[in-house]
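Me: I'm new to this structure and would like a close look at one part of it, the nonpolar core. Could you walk me through that part and then show me what lies around it?

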Amino acid sequence: MGFLKNWLSSKKRTKQLNEIAAQQNLTATLEENRSFLATIFKGCSDVVFHDFTIFGQISAVLIYIEGLVDKEKLDQNVLTPLLNKTGEPFSINTVSGVIPVSNIKELNYIEEIIDEISNGHPILLLDHQKKGISLGLTQLEHRAIEEPPAESVIRGPREGFTELLTINTSLLRRRIKSPQLKVKNIVVGRYTRTKIGVYYIEGIAEKSLIKEVMRRLDKIYMDGILGSGYIEELIEDQSNSLFPQILSTERPDVVVSYLLEGHVTILCDGNPVALVVPITLFSFLQSSEDYAQKFMIGSLIRWLRYISVAIVLLLPSTYVALLTYHQEMIPTSLLLTIAKSREQIPFPALFEALLMEITFEALREAGVRLPQQLGTAISIVGALVIGQAATAAGLVSSPMVMVVAITGVASFLLPHYPIGITLRILRFPIMFLAGMLGLLGIILGIIAIVIHLCSLRSFGVPYLTPIVPMVKQDLKDVLYRSPIWARNKRPHSTSKQNPIRQSPGQKPEAENEEELHSD
Amino acid sequence: MIERGKISALQMAMILHSTIAATALLAMPSVTMKYAHQDMWLSPIWASLGGFLIVWITFQLHKFYPKESFIEYVPRIIGRFLGSIFAFLYLFFYWIILGDIVREYGEFLITNFLAHTPYSVISGSMLLVCAYAVRGGVEVIGRSAQFFVPIVMPLFLIVLLLLIPDLKPQNMLPMFEHGLKPSLIGAIPPLSAFYGEFFLISFLYPYVSDKQNKLRWGIYSVLSVVWTMLLVSFSTLLIFGKVGAHLTYPLIGVARYISLADFLEHLESIVAAIWVLSMFIKMTMIYYALSLGTAQWLKLTDYRPLIFPIGILSLVLSIWTVPNLQVLSQFINSTGTIYFLLMQYLIPLLLLIVAYFRRKQNQKKVAEQA
């Protein structure tokens with residue numbers, strides 16, 4: 001029954017997609033075709049119908065959308081030869097023969113023609129021909145390739161994806177020159193007709209994974225896809241989880257490193273953010289920068305990041321718990337200092353913490369949305385409100401300001417924005433638990449989070465791999481950043497079938513040392 | 001099968017380790033010390049024989065019925081009617097155990113840390129978290145154990161390491177003052193109450209994916225529990241001497257001794273936090289066995305609808321069965337010992353014998369027919 005249902009719905013779907021023009025052939029008369037297309041594009045003032053005569057014999061029409069087409073080339077390479085040459089024997093082959101355009105396609109169906117026009121390809125229709133010619137003379141306005149501001153690095157390439165799928169594909173192709181890099185394109189969105197590219201390396205990525213990604217993408221059927229955020233929400237494993245289960249990045253080098261480990265990447269036209277699946281929690285705590293530095297430094301920075309996760313999640317709540325329930329754990333002199341500063345404060349520690357943390361979050365959010373010139377103003381206001389004034393007014397104790405500040409700094413250490421926002425949100429319920437049950441509440445909160453993480457999966461890969469379930473060979477890239485010469489195998493979870501990444505024994509050895517020093 | 005998840009043998013061992021060590025850490029030293037005095041460090045070693053025995057018995061039973069849990073194969077061994085009654089007795093047994101454990105957990109936190117928080121809030125919140133884990137099934141339980149045990153163990157070791165300056169080895173003397181007898185008697189409570197809990201392994205065996213390593217990792221987990229108990233026994237004995245017998249929770253007292261650089265003091269909250277993590281795995285495991293077993297006993301297709309009612313009933317039962325901690329420890333040391341021994345050693349052993357002869361008879365029948 002299931003397949004029948006699927007088949008029926010897919011039938012229905014194509015029908016709806018081509019609501020305007022069903023699988024209809026072009027007719028032999030130009031006038032008919034032209035008027036049909038004119039009714040379809042009725043009210044679209046940007047669609048140009050340019051009538052002319054080829055070789056002085058046959059009437060033809062050139063249809064294109066203004067602004068999507070390289071007009072200069074269209075005039076030079078298409079109109080000039082067709083108008084100037086006269087007296088040649090006419091056929092569709094000679095026409096395409098005299099046009100110096102490399103990307104030429106012959107089309108039979110109205111539907112295809114509409115698609116091509118919408119994608120910015122000019123269409124040439126001829127009288128007495130059941131075929132149209134699509135000319136690849138698109139010129140789309142696009143942003144230059146720049147460094148993505150959210151993922152800047154000190155040492156590494158400064159290229160980022162742009163809004164144009166073709167450019168993004170070329171950025172990937174430039175880095176992986178092997179024909180094993182495969183690209184599958186599908187079109188999603190009834191009205192937006194958004195092109196989506198699925199990238200993987202054949203022979204490394206698991207076939208089942210590619211199939212699953214395609215299955216989930218094929219299921220999408222809606223009016224429009226406005227960005228990769230839409231796709232992420234539509235294909236992730238568990239929608240009602242705070243944790244991101246798909247990695248989003250604007251950096252082609254990051255995508256390439258994942259592709260080489262057997263992951264699948266999804267790019268969406270009109271959006272510079274690539275999605276990488278499957279992913280584990282630890283991928284969000286790694287940065288491409290780790291591999292640009294020496295492995296020991298990379299490891300230390302990675303540990304710093306792990307500590308910062310603990311701080312973001314637990315510091316405010318631990319402070320609240322200690323002050324409210326476990327004063328005996330604080331060394332006496334420190335306790336006295338804190339008590340002195342809290343003498344004037346009218347609020348309990350939990351309320352104080354909530355007040356400050358919410359103010360901080362608000363300031364941060366405001367800073368993100370504001371133009372850069374105003375951003376500095378916000379930071380001045382923030383420093384005054386959060387720091388100076390609040391303490392001077394006796395509303396907040398200065399140790400609490402420090403706690404909030406340290407938490408804030410720690411949250412900036414997380415290299416991927418989505419995981420940072422998740423942890424920042426989670427610290428609020430843990431703060432409440434700490435206010436109610438002290439350390440016990442914090443532990444309960446941690447247990448609940450771990451249970452949740454243990455039950456999460458990203459495209460079949462458990463979210464906490466390789467820690468839980470333990471994969472020994474992958475631990476070296478999570479517990480520390482292993483040296484590049486030691487990474488002989490690809491991660492087990494994504495490329496079981498083809499595990500060998502490099503030949504062993506790549507560790508540099510100064511074999512020719514004697515030769516070097518011989519003179 | 002109701003449960004579709006799979007765990008690794010390592011995860012099974014980690015679940016069992018926390019299940020047994022969690023309560024043993026706190027309650028074991030004072031109990032063994034009562035009977036074995038300064039020889040109490042020997043008692044866990046004697047008692048461990050019981051642990052090995054149970055792991056072996058349940059493994060043999062599991063080999064007869066490889067895809068079923070205890071509740072499912074009992075009726076196959078001794079007949080449907082009797083088997084169902086026996087299975088129910090086991091469910092009831094685990095219900096009481098869960099109640100006791102919840103009570104122990106709540107009482108411990110109330111007496112030591114949260115004196116003013118209501119009992120039902122403390123135990124209820126923990127049960128709620130456990131229910132969340134049970135909902136995830138054996139896979140989630142195994143993974144959480146694998147996540148927490150590697151955190152708990154080093155912390156536990158660090159706490160014990162920090163104690164080294166306070167240890168007084170002369171507390172062990174005189175050794176074997178009255179022969180081996182006191183230490184053997186002292187082995188009975190850990191044998192029945194702590195090592196007996198290894199019987200829960202019969203609920204995990206069917207879901208372990210690596211077949212060859214099941215028994216091996218079961219034995220490893222007994223060994224790791226012995227090792228943990230030894231460390232706790234020694235640290236209690238060498239710090240408190242004979243006074244330890246009069247403390248309800250010697251380990252917490254031990255943690256109060258830690259002082260490092262006049263800064264790290266009063267680490268008992270950290271010890272308690274570690275303990276809560278192990279306790280969570282213990283309660284989840286029993287809770288899970290109870291929910292799954294009940295569903296299997298009632299032949300339901302899913303155990304999840306049972307989780308919430310069982311949680312509430314356990315919370316209520318934890319208040320009903322015992323009025324206070326003294327009665328609870330009285331029960332564990334007297335009637336409880338026989339109850340635990342009967343349910344976790346004797347009956348499984350008898351069942352194994354019956355199953356063995358049945359199997360032989362069947363084989364004979366098959367041979368005759370052939």
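This is a predicted model: local features need pLDDT of at least 70, side-chain atom pairs count only at pLDDT 80 or more; totals for chains, interfaces and linings use all residues.

Setting aside neighbours within four places in sequence, F198(B) is in contact with L16(B), I20(B), G51(B), I54(B), V55(B) and V222(B).

Now for the core around that residue. The largest nonpolar core has 198 residues, and F198(B) is one of those that touch the most other members, together with C130(B), L200(B), F280(B) and I286(B). Helix α11 of chain B, residues 268–297, gives the most to this core, with 18 residues. Chain A takes part as well: its domain 2 (149–279) and domain 3 (292–462) both give residues, so the core lies between these two domains. A separate core of 24 residues lies apart from it, and includes L62(A), I63(A), L82(A) and L126(A). As a general background, nonpolar side chains tend to be buried together in soluble globular proteins.

To place those domains, note that chain A is divided into domain 1 (19–135), domain 2 (149–279) and domain 3 (292–462). Between the C-alpha centres of domain 1 and domain 3 of chain A there are 62 Å.

Where the chains meet, chain B supplies 23 residues and chain A supplies 21 residues. On the side of chain B that touches chain A, the elements giving two or more residues are α5 (119–162) and α11. The largest share of that side, 11 residues, comes from α5(B).

Next, a pair of helices in chain A. Helix α10 (residues 295–324) and helix α12 (residues 349–369) of chain A pack at an angle of about 160°, and their axes are 9 Å apart. That angle makes α10(A) roughly antiparallel to α12(A), and α10(A) passes α12(A) in a right-handed crossing. Here P316(A), Y319(A), V320(A), L323(A) and T324(A) of α10(A) meet A349(A), L350(A), A353(A) and E357(A) of α12(A).

Finally, take a look at I210(A), which is found in helix α7 (residues 207–219) of chain A. I210(A) counts as partly exposed because it has 16 C-beta neighbours inside 10 Å. Apart from neighbours within four places in sequence, I210(A) is in contact with Y200(A), A205(A) and V264(A). The C-alpha atoms of I210(A) and T265(A) are separated by 9.8 Å, and these two residues are 55 residues apart along the chain.

Definitions and conventions: Residues are numbered from 1 along each chain as its sequence is written. Chains are lettered from A and ligands numbered from 1 in the order in which they are written. Domain bounds come from an automatic or database domain assignment. A nonpolar core is a set of buried Ala, Val, Leu, Ile, Met, Phe, Trp, Tyr and Cys residues joined through C-beta atoms within 7 Å. A residue is buried if 20 or more other C-beta atoms lie within 10 Å of its own, exposed if 12 or fewer, and partly exposed in between; C-beta atoms are placed from the backbone. Helices (H or I, at least four residues) and strands (E, at least two) are DSSP runs, numbered from the N terminus. Two residues are in contact if their C-beta atoms, placed from the backbone, lie within 7 Å. Axes are lines fitted to C-alpha atoms, for helices over the stretch in contact, and angles run from 0 to 180 degrees between N-to-C directions. Angles under 35 degrees count as roughly parallel, over 145 as roughly antiparallel, 65 to 115 as roughly perpendicular and the rest as oblique. A crossing is left-handed if the near helix is turned anticlockwise from the far one by less than a right angle, and right-handed if clockwise.
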